[in-house]
Amino acid sequence: MIYVLDFGSQYSHLITRRVRELGVYAELVPPNIPAAKLKNAEGIIFSGGPQNLSSSGALRADKAIFHLGIPLLGICYGLQLMAYELGGKVTAGRKREYGRTDVRITGASPIFRGLQANQETWMSHGDHVTKLPAGFRVIASSKNCPIAAISNETKKMYGLQFHPEVIHTKNGMKMLDNFLKICGAGRVWTMKDFVGREIANVRKNVGKDKVLCALSGGVDSAVAATLVHRAIGRQLVCVYVDTGLMRQGETEEIQKVFKTYQKIDLRVIRAEKEFFRALKGVTDPERKRKTIGALFIKIFEREAKNIGGIKWLVQGTLYTDAITSGISVGGSAALIKSHHNVGGLPKKLGFKLIEPLRELYKDEVREIGRILGLPDSIVHRQPFPGPGLAVRILGEVTPEKVKLLKEADKIVCEEILKAGLQKNIQQYFAVLPSIRSVGVQGDARTYGHAIIIRAIETRDFMTADFAKIPFPLLQTISVRITNEVRGINRVAYDITSKPPATVEWE
Ligand code: XMP
């Protein structure tokens with residue numbers, strides 16, 4: 001177990017992620033965590049952070065951590081904090097270093113074992129260490145930062161001014177691997193072991209109780225439900241609410257995968273009519289989202305009561321969802337959209353929670369899905385918003401518009417898959433802007449709807465670029481949509497990144 005103290009760097013998560021990739025379980029913890037809580041660690045890492053040690057509000061760590069005798073690695077701000085607290089000096093640099101920086105290893109150290117002297121690294125700092133604490137020596141320098149890495153081999157304390165966790169530091173993984181060797185950490189974090197452990201946990205906690213899970217069709221709830229089903233079989237009841245706003249064929253696929261193949265007790269609630277009724281006349285995007293979210297909860301609650309005797313609720317909460325509050329240092333963010341998803345069911349339902357994925361990242365969840373034998377179509381499913389196609393239809397949502405959009409969307413998906421582009425394009429779909437225009441089809445005038453194709457490339461969905469789909473493929477999609485979907489006579493391609501746009505249109 002490695003603890004990563006989060007001083008607010010954008011890359012804190014990435015450190016945890018990398019350590020896990022190297023086969024050691026790592027957890028992100030608040031910067032002010034008491035040393036007593038870290039005693040079971042094999043190693044401790046201090047992350048970077050946006051602050052300056054000279055400012056009064058700078059985050060500090062419990063000083064007792066330095067006396068635990070556990071190997072310590074400080075990264076960027078983490079290095080500066082370690083040096084400062086142990087008697088060194090940190091000063092604002094005359095020149096700041098951002099981005100690619102050449103670093104020269106000047107002293108042999110196990111943290112750099114197996115590496116050449118010249119290293120390509122990635123820096124992002126203004127301050128730097130100008131005086132070493134007692135017992136430390138310099139082991140690497142850059143042009144503007146003479147103290148770019150330090151070590152105290154007796155105490156097994158290391159500091160790197162650059163970020164080994166980002167891919168731009170070419171041998172960053174090797175350095176982290178070296179640190180784990182210094183820690184003597186066992187490489188026992190594998191997804192297969194995790195699945196076995198988690199199944200046993202669920203069995204032990206739940207006993208003979210009845211458990212409920214809301215399936216959305218997304219990968220998180222699908223994997224969570226499958227894992228819990230492996231543990232307790234028919235004690236699990238899954239509920240899938242068909243809002244009428246799902247993609248073409250989605251409900252049928254969910255039924256096939258979960259009910260037919262896995263023999264899960266799946267209740268499909270056909271609620272199209274209720275949703276269309278609630279959405280009648282609603283044009284404001286936020287009202288639309290709130291209406292759908294509230295109705296979903298109402299229907300789910302109703303169904304839970306019908307089933308009766310439920311004690312537990314399975315949620316597909318991921319690590320990133322779970323720690324957003326309370327740990328990260330950043331300020332409050334502006335509300336761009338009210339998200340709705342099945343992971344956000346309210347506490348007042350009164351169930352105890354089972355969150356088997358709470359320690360995992362998205363790609364780890366996909367791997368578990370594969371281990372559990374879920375088909376690729378579920379494991380590699382592109383994200384789909386909780387409010388469904390309603391946020392891809394501008395203005396009022398009607399059954400007629402949903403039908404048009406479903407047909408057009410199916411063509412977009414089919415063609416992207418056929419061209420094998422799905423690996424590079426993280427999301428691709430059709431939007432119905434509720435604009436009609438004049439066209440000519442079969443020598444006659446038409447006044448039809450337009451369709452907009454949206455396809456994006458992204459790592460984390462926080463920022464995104466529009467995908468550069470080849471023109472011939474766009475042409476194929478355009479021809480197919482206008483030929484096959486009666487009522488559409490125009491197709492456009494959205495060439496906006498995020499920001500300024502968002503991925504979804506509403
Ligand atoms: P935006 O449109 O905010 O989308 O740039 C970023 C990612 O989030 C998805 N999205 C949602 N997911 N509930 C969800 O579970 C929602 O209400 C929701 N709205 C947007 C969107 O598809 C994209 O992947």
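This is a predicted model: local features need pLDDT of at least 70, side-chain atom pairs count only at pLDDT 80 or more; totals for chains, interfaces and linings use all residues.
Close-up 1. Arg-289 brings its side chain instead, with an N or O atom 2.8 Å from a ligand oxygen. Gln-427 also comes in through its side chain, placing a polar atom 2.8 Å from an oxygen atom of the ligand. On its own the ligand would expose 500 Å², and the protein buries 88% of that.

**Close-up 2. The shell around the ligand.** Count the residues surrounding the ligand and you get 15. Lys-337, His-340, Lys-498, Val-503 and Glu-504 are the closest of them. Sorted by class, the shell is made up of five nonpolar, six polar and four charged residues.

Close-up 3. Lys-498, one of the residues closest to the ligand, is joined to Pro-499 by a cis peptide bond with omega near -15°. Move along to the bond between Pro-499 and Pro-500 and that one is cis too, with omega about 10°.

**Close-up 4. Helix 13 and what covers it.** Helix 13 takes in residues 471-484, 14 residues in total. From first C-alpha to last it reaches 20 Å, close to the 20 Å expected at 1.5 Å a residue. Its buried residues are Leu-473, Leu-474, Ile-477, Arg-480, Ile-481 and Thr-482. Their cover includes helix 12 (399-418), along with strand 16 (436-441), strand 17 (444-457) and strand 19 (488-493).

**Close-up 5. Val-188 in a loop.** Look for Val-188 in the loop that runs between helix 3 (172-183) and helix 4 (191-206). Its relative accessibility is 59%, so Val-188 counts as exposed. Setting aside neighbours within four places in sequence, Val-188 touches Gly-23 and Asp-193. Leu-79 is 109 residues away from Val-188 in sequence, and their C-alpha atoms are 28 Å apart.

Close-up 6. Lys-263 is not a glycine, yet its phi is positive, at about 55°. This lysine lies in the loop between helix 6 (250-261) and strand 12 (265-270), and it counts as exposed because its relative accessibility is 54%. Ser-434, also not a glycine, has a positive phi of about 60°. Ser-434 sits in the loop between strand 15 (427-431) and strand 16. With a relative accessible area of 28%, Ser-434 is partly exposed.

Notes: Residues are numbered from 1 along each chain as its sequence is written. Side-chain values use heavy atoms; hydrogens and water are left out. A residue is near a molecule or strand if one of its heavy atoms lies within 4 Å of it. A polar contact is a pair of N or O atoms within 3.5 Å; within protein, one must be able to donate a hydrogen and the other to accept it, and residues adjacent in sequence count only if both atoms are side-chain atoms. Accessible areas come from the Shrake-Rupley method with a 1.4 Å probe; for residues, only the protein chains shown count as cover. Ala, Val, Leu, Ile, Met, Phe, Trp, Tyr, Cys and Pro count as nonpolar, Asp, Glu, Lys and Arg as charged, and the others, Gly among them, as polar. Helices (H or I, at least four residues) and strands (E, at least two) are DSSP runs, numbered from the N terminus. Buried means under 20% relative accessible area, exposed over 50%, partly exposed in between (1.4 Å probe, protein chains only). Contact means heavy atoms within 4.5 Å. The expected span of a helix is 1.5 Å times one less than its number of residues.
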